[in-house]
Amino acid sequence: MAVRTKRTNRPRRSAPAHRGGARRAWLGALGAAALVSTALTGPAVAASAARNGDGSGAGAGRAGHHATQQQLAAAVRDGVPGALARVTDRDGVWNGSAGVADLTTGRERLPRDIYRIASLTKTFVATVLLQLAAEGRLDLDDTVESRLPGVVRGSGHDGRTVTVRQLLNHTSGVFNYNSDPEFRQKVAGDGFLTHRYDTWQPERLVALAMSHPPYFAPGTGFHYSNTNYILAGMIVERVTGRSYGTEIERRILRPLKLRATSAPGTDVRMPRPSGRAYSKLLSPDPAAEIHDVTELNPTVAGASGSMISDSADLQRFYRALLRGELLPAKQLGEMMDTVDMGADVPSGYGYGLGLLRQELPCGVEIWGHSGDTRGSRSAVAMTRDASHSIAFNFNADWAGDTKKVVEAEFCG
């Protein structure tokens with residue numbers, strides 16, 4: 001099968017300073033079109049296990065993760081070039097993989113591969129805003145207008161009636177800029193090959209959203225909207241005088257020593273080690289050409305989904321968050337105060353402030369987030385006490401069932 005890897009109009013690398021899937025959870029139950037299955041030949045399944053945090057030990061993996069490994073292999077059979085997972089529990093660390101990180105070289109996926117985490121960025125941004133609230137520098141019930149005068153206006157939007165809290169839990173009704181048909185084709189469809197290196201200012205993305213009517217009056221419903229977090233990132237900058245990426249680095253990445261994690265600004269390249277990312281650019285054709293979409297300008301997602309990380313860092317971040325290492329009890333409680341996600345979402349789901357909760361069919365409650373962007377689907381899920389967690393990534397955006405991976409790990 002042909003894979004397009006030609007890279008054109010590549011800009012010079014810039015210094016570090018998404019598309020988040022509309023209404024998607026880590027179990028894929030929040031919408032999106034049915035994924036097209038494609039048969040890809042590639043290396044068979046690989047797995048490793050370790051009891052000492054680095055995941056470097058070799059072996060077949062503990063029997064307790066056999067179902068998870070099977071689902072990684074199933075994703076590859078479904079068309080994903082390569083799947084990667086890292087599990088931590090009371091027995092230690094387990095790493096599993098299937099397929100390849102690079103269709104050209106055949107290199108297998110590595111436990112410390114870095115990938116685009118897309119909407120998992122939202123949890124980082126929400127954490128910063130909650131820290132600012134704890135410091136008395138803003139209130140979650142401040143209006144957006146009071147923080148960003150004149151920005152949320154047009155087509156029925158009114159920032160005077162939208163609060164910071166409503167941005168963070170997606171009850172604002174603000175239109176999702178990713179849902180603009182022309183924009184979607186430009187950045188995720190055929191236009192991606194021409195516009196992959198474009199820089200998008202947050203004001204431009206918000207203006208695009210303002211050209212459409214809101215979904216509902218603020219506080220009267222739920223609709224996942226990446227515009228909410230573009231605005232949240234703008235509020236961080238207005239309050240602190242520094243970009244959301246800088247604040248995330250100062251407040252989270254450095255204290256937790258998350259060295260594989262960053263908000264890359266306009267930097268289009270991925271650091272090593274990392275594999276490639278692949279997409280069919282929204283084509284529904286099972287035989288559609290697969291494109292290498294690894295390089296892209298992250299400003300297309302900004303504070304809604306631009307960050308990159310690896311599985312170990314992600315588990316460390318969410319574990320620290322749920323254990324109260326990043327927020328005072330009051331703010332963590334507000335983050336975990338979830339709202340109903342609407343009639344089209346299966347029961348058992350709730351969305352807090354940049355944090356998703358779900359009760360699995362086997363009765364286990366998990367917390368985390370997921371993220372979808374060109375060529376990358378990622379998720380983190382963990383128990384409330386953070387004693388059992390999984391972080392995983394598919395290096396494709398058209399195939400694979402994330403729901404089955406999570407259920408396999410926690411329900412067996």
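In this predicted model, the largest cavity has a lining of 15 residues, and those nearest its centre are Y115, R116, G275, R276 and A277. The space inside the largest cavity amounts to about 110 Å³. By class, its lining comprises 5 nonpolar, 6 polar and 4 charged residues.

The second largest cavity holds about 70 Å³ of space. Its lining is formed by K186, V187, F192, H195, R196, D198, W200, L296, N297, V300 and R374. Two helices, α5 (181–187) and α6 (192–195), each contribute at least two residues to this lining. The residues that line the second largest cavity divide into 5 nonpolar, 2 polar and 4 charged.

Two features of the backbone were also identified. The peptide bond between R272 and P273 is cis, with an omega of about 0 degrees. P273 is located in the loop that runs between α9 (244–256) and β8 (278–279). A118, although not a glycine, has a positive phi of about 50 degrees. This residue, A118, is placed in the loop between β5 (115–116) and α2. As background to both features, most residues other than glycine have a negative phi, and most peptide bonds are trans.

Helix α2, which spans residues 121–134, packs against helix α10, which spans residues 311–322. The angle between the two helices is about 35 degrees, and their axes lie 12 Å apart. The crossing of α2 and α10 is left-handed. On the α2 side, the contact involves T123, F124 and T127, which meet L314, F317, Y318 and L321 of α10. The residues of this contact comprise 5 nonpolar and 2 polar, with no charged residue among them.

A search of the whole structure returned 1 disulfide. The disulfide is formed by C362 and C411, with a distance of 2.0 Å between their sulfur atoms. The torsion about the S-S bond of C362 and C411 is about -65 degrees, and the disulfide is therefore left-handed. Because C362 lies in the loop between β12 (356–359) and β13 (365–373), whereas C411 belongs to helix α12 (residues 402–411), the pair ties together parts that are 49 residues apart in sequence.

Technical notes:
Residues are numbered from 1 along each chain as its sequence is written. This is a predicted model: local features need pLDDT of at least 70, side-chain atom pairs count only at pLDDT 80 or more; totals for chains, interfaces and linings use all residues. Side-chain values use heavy atoms; hydrogens and water are left out. Axes are lines fitted to C-alpha atoms, for helices over the stretch in contact, and angles run from 0 to 180 degrees between N-to-C directions. Helices (H or I, at least four residues) and strands (E, at least two) are DSSP runs, numbered from the N terminus. A crossing is left-handed if the near helix is turned anticlockwise from the far one by less than a right angle, and right-handed if clockwise. Contact means heavy atoms within 4.5 Å. Ala, Val, Leu, Ile, Met, Phe, Trp, Tyr, Cys and Pro count as nonpolar, Asp, Glu, Lys and Arg as charged, and the others, Gly among them, as polar. On a 1 Å grid over the protein atoms alone, a cavity is a set of points where a 1.4 Å probe fits but cannot get out, and a pocket is an open set with protein on both sides within 12 Å along at least five of seven lines; lining residues have an atom within 4 Å of a point. Grid points are joined across faces, edges and corners, and a volume is the space filled by probe spheres set on the points. A disulfide is a pair of cysteine sulfur atoms within 2.5 Å.
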